[in-house]
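Reader: Please place the sequence and the model before us, and let us then discuss them in turn.

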Amino acid sequence: MVDSQSVKADTTVAHATRGFDAGKKINGRKRHLLTDTLGLVLAVLVTPAPTTDRDAARLLLPTAKNHFRRLARIWADGGYTGHLTDWTDQHLGVVLDIVRRSDDVQGFQVLPRRWVVERSFAWLLRSRRLVRDYERRPDTSESVVLWSMTMLMSRRLAARHQQRPAATLPA
């Protein structure tokens, strides 16, 4: 799954690496995440907030495809529609499925597959340092996102390890 999140930037963030997201009315940066089906981060890209999802995907997806050669299908929201679906098929050999919301439904609706990346954003926001972007450089901000996900994953592995009963050794 791929999606983006606009985050407010602190005063320490340079004006060249931030901008105004008119859709969300946020002055800051955008985090673009590519996750697996469990919601674990595969790739992250931090851009100025006015960067469109389609433009960021053209930077994020080729790098991810180089690292994860078995990547074959990506689910995305309506912000990724248009020429990007053809581009990913032709240049990367990846199917980009757009998960659309039904026009008949009013209010909130859980969309298949899309909730996974939204949950990943929620997990990341549990790290206080990621609630707002404090980093001077976008690559440092990307590293903080990866570090936070690494901490989350290692805590889960440690908790799972403690839940297992101790192996009995033969006498």
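Reader: Which residues of helix 1 are buried?

Author: This is a predicted model, in which local features need pLDDT of at least 70, side-chain atom pairs count only at pLDDT 80 or more, and totals for chains, interfaces and linings use all residues. Residues are numbered from 1 along each chain as its sequence is written, and side-chain values use heavy atoms, with hydrogens and water left out. Helices (H or I, at least four residues) and strands (E, at least two) are DSSP runs numbered from the N terminus, while buried means under 20% relative accessible area with a 1.4 Å probe, protein chains only. By that criterion, the buried residues of helix 1 are D53, A56, A57, L60, L61, A64 and K65.

Reader: What covers these buried residues of helix 1?

Author: Contact here means heavy atoms within 4.5 Å. The cover includes one helix and several strands, namely helix 2 (83–92), strand 1 (2–8), strand 3 (26–35), strand 4 (41–48) and strand 5 (73–76).

Reader: At which residue does helix 1 bend?

Author: Helix 1 spans residues 53–67 and reaches 21 Å from its first C-alpha to its last, close to the 21 Å expected at 1.5 Å a residue; the expected span is 1.5 Å times one less than the number of residues. A bend is the angle between axes fitted to the seven residues ending at a residue and the seven starting there. In helix 1 this angle is about 25 degrees, with the proline P62 following within four residues, and the bend is at L59.

Reader: Is L152 buried or exposed?

Author: L152 belongs to helix 4 (residues 138–163). Beyond its neighbours within four places in sequence, L152 is in contact with W123 and R126. Because its relative accessible area is 11%, L152 is buried.

Reader: In what order do the elements of the chain run?

Author: The chain has four helices and six strands. From the N terminus on, the order is β-β-β-β-α-β-α-β-α-α.

Definitions and conventions:
Buried < 20%, exposed > 50% of the residue type's maximum accessible area, 1.4 Å probe, protein only.
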